[in-house]
Every structure is written in structure tokens, then in C-alpha cells.
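Please work through the exercises below with the model open beside you, trying each task before reading its solution.

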Amino acid sequence: MIDTMQSADVTNAERFERVGILADAQTASNTRDEFAAWLREFFTLDPIRSSDVVLAINEALANCAEFAYLERADAGTMDILAWHDAVESSITVLVSDQGSWRPPVVPSIRSRGRGIPLMEALSDRASIETSDRGTSVRLEWADVAPVALRSRSAH
Amino acid sequence: MDEQREAVVDKAAADDTTASSGSTCVVSERSVDEVVVVAASGVIDMLTAPQFGEALRAALEKKPEQLVVDLTEVEFLASAGMGVLVAAHEEAGSATRLCVVAEGPATSRPLKLVGIADIVPLFATVDEAVASLRG
């Protein structure tokens, strides 16, 4: 039972991947910190943009941790795949789980349900795909320059 | 002007040690010109939001006329924390005038983006908030 989850970590100038990580609050928080470190290390983003990206992916991970596996006793897993497209100068982040979210359109009380509006407001493009295999959030940001490219072009 | 009667709120300090990642939130309560100020610092995400909410509820239970929630030292504010703010605002009702102090890309920006700044009065500094509440 413990061995059913496979975890894979990739962190380099093009990609950030965490596959099969636990869909819980602590893992969401740790992964957000690792993702933020990846952004800082490899890309030149102003404080607003970098704050936007980190909050948006946090909300995607938090939704998985909070909603994806409500009908299961044990926590399921989630994946985050992020990559930089050098041609498009864009960052795309895919956060997915194999569970089913509660219908996001009807937040039970007013203090809840701001994750999706936040993701939409903070990214250049956001889409959520739900199927019987799970839920996948895709977030995109344009005009993201890698650190190395920026310093090279200065010469 | 700032009286700095810093009293660490109940469980806040103790709970901090439970967060093994960067999710650490410290909540303290003080009084500025007789206005109660609950200040949070660090990270308010789904791990620490309950602790933040508890501190706000504890402050509201005393039914102060005004309550300033100071997020100046908050470096990350997730929707879980925003939900706590809205809940506190609702709990404050007509008994307590509640407002929020936040400035910057990690706090005031998302609060404005999702329209919380339209529900809860938002100020850039504690002095501005206090002046408004007392005015």
C-alpha cells in the first residue's frame, strides 16, 4: 500500500516536475516553496509576476489537497509539471490529480471558493479540465525570460 | 504612537513549531491609540490559516469597537487566508469595525483581484487604518 505511489522529481532550467506527490496541505506547501525557488533560480520575473505565479500554482495544489479526494479515506496523489518554452518565452504549469473536485461553481459559504478566480486573475491563461480520470489545471504566463538568456543578451 | 504592547496570541507561538516547511505564521496582538491590532507575519496558507483564524476569533470575542488586521509582514497570502478574513469580517458584524492593512504584490494585490478589498476596508499602513477607524 505504501509502495503504490511513485514519486519523481525534476528541477532544471527547463522543467520543474513533481509526480505522484501526496495531495495534502503539507506537501502542497513544501512543493510551493520548491517551485518558488525554481522560479527564482532560473527566471527573471519582477516581484508582482513572481508573486502571481507562486500564488496561482499554490491555489491549484491546494485545490487538489483539499477537494480532489474527499470521497476517499486516504490522501491521493497529485502531479505538478512546469516547463519553460524558450521559443514562446512562456511558462506553462500543469497541476493534476486523479480525484474529482467538488463542483467549484457553488462554494458553500462566502469565505471559500476563491482559488479558481485567483488562478484566472493571476495567470495569462487558465483552464480546468475535468474528466472521470481526474482534474487538470493548466496555467500559462507569457514573456518569461530565463536568467541566463537575459545576462547573455546584455553583452 | 505605536504602543507595542506585544502579546503573543495564545497558541500562535506554540503552533509555529509544527510547520516543518516554510509555512510559519506568527500572530500577535497589540494596541495602537486604543485600537486593537492583530498582526500576522510569515505565510498564511492552508496550513497556517486555521491558526490565523483562531487569533482573529479570539480578538473578536472581546467585542472591540475596532479591529485592525495587519498583514504588513505577511509574505504569502493564499485563498485560505482570504477566506479567514472574510469570515472574520462577517463575524465582526455590526459590533466591531474591522479593516485590513496590506500593501504589496503578495497581499494587497490578490485581495484586490478577488474583490475582498471591496468587502473589507483595505489600508496601506496601520496609521492610516487607525486614523480612519477613529475618525
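Predicted model: local features only at pLDDT ≥ 70, side-chain atom pairs only at ≥ 80, totals over all residues.

Residues are numbered from 1 along each chain as its sequence is written, chains are lettered from A and ligands numbered from 1 in the order in which they are written, and side-chain values use heavy atoms, with hydrogens and water left out.

**Exercise 1.** Find which residues of helix α6 of chain B are buried, and work out how they are placed around the axis.

*Solution.* Begin with the helix, which spans residues 126-134 of chain B and has B:V126, B:A129, B:V130 and B:L133 as its buried residues (buried means under 20% relative accessible area, exposed over 50%, with a 1.4 Å probe and protein chains only; helices are DSSP runs of H or I with at least four residues, and strands are runs of E with at least two). These residues cover an arc of only 95 degrees around the axis, which puts them on the same side of α6(B), the arc being that of the directions from the helix axis to the C-beta atoms. An α-helix has 3.6 residues a turn, so residues three or four places apart point the same way. Finally, the cover over the buried residues of α6(B) includes β2, β3, β4, β5 and β6 of chain B.

**Exercise 2.** Decide whether B:K63 is buried or exposed, and find what it touches beyond its sequence neighbours.

*Solution.* First place B:K63 in the loop between α2 and β4 of chain B. With a relative accessible area of 57%, B:K63 is exposed. Setting aside neighbours within four places in sequence, B:K63 is in contact (heavy atoms within 4.5 Å) with B:A95 and B:T96. B:T96 is 33 residues from B:K63 in sequence, yet their C-alpha atoms are 6.4 Å apart.

**Exercise 3.** Describe the largest nonpolar core and name the residues with the most contacts inside it.

*Solution.* A nonpolar core is a set of buried Ala, Val, Leu, Ile, Met, Phe, Trp, Tyr and Cys residues joined through side-chain atoms within 4.5 Å. The largest has 68 residues, and A:F35, B:F52 and B:L71 have the most contacts inside it. Its largest share, nine residues, comes from helix α2 of chain A. Apart from this core lies another of 11 residues, among them B:V37, B:V68, B:C99 and B:V130.
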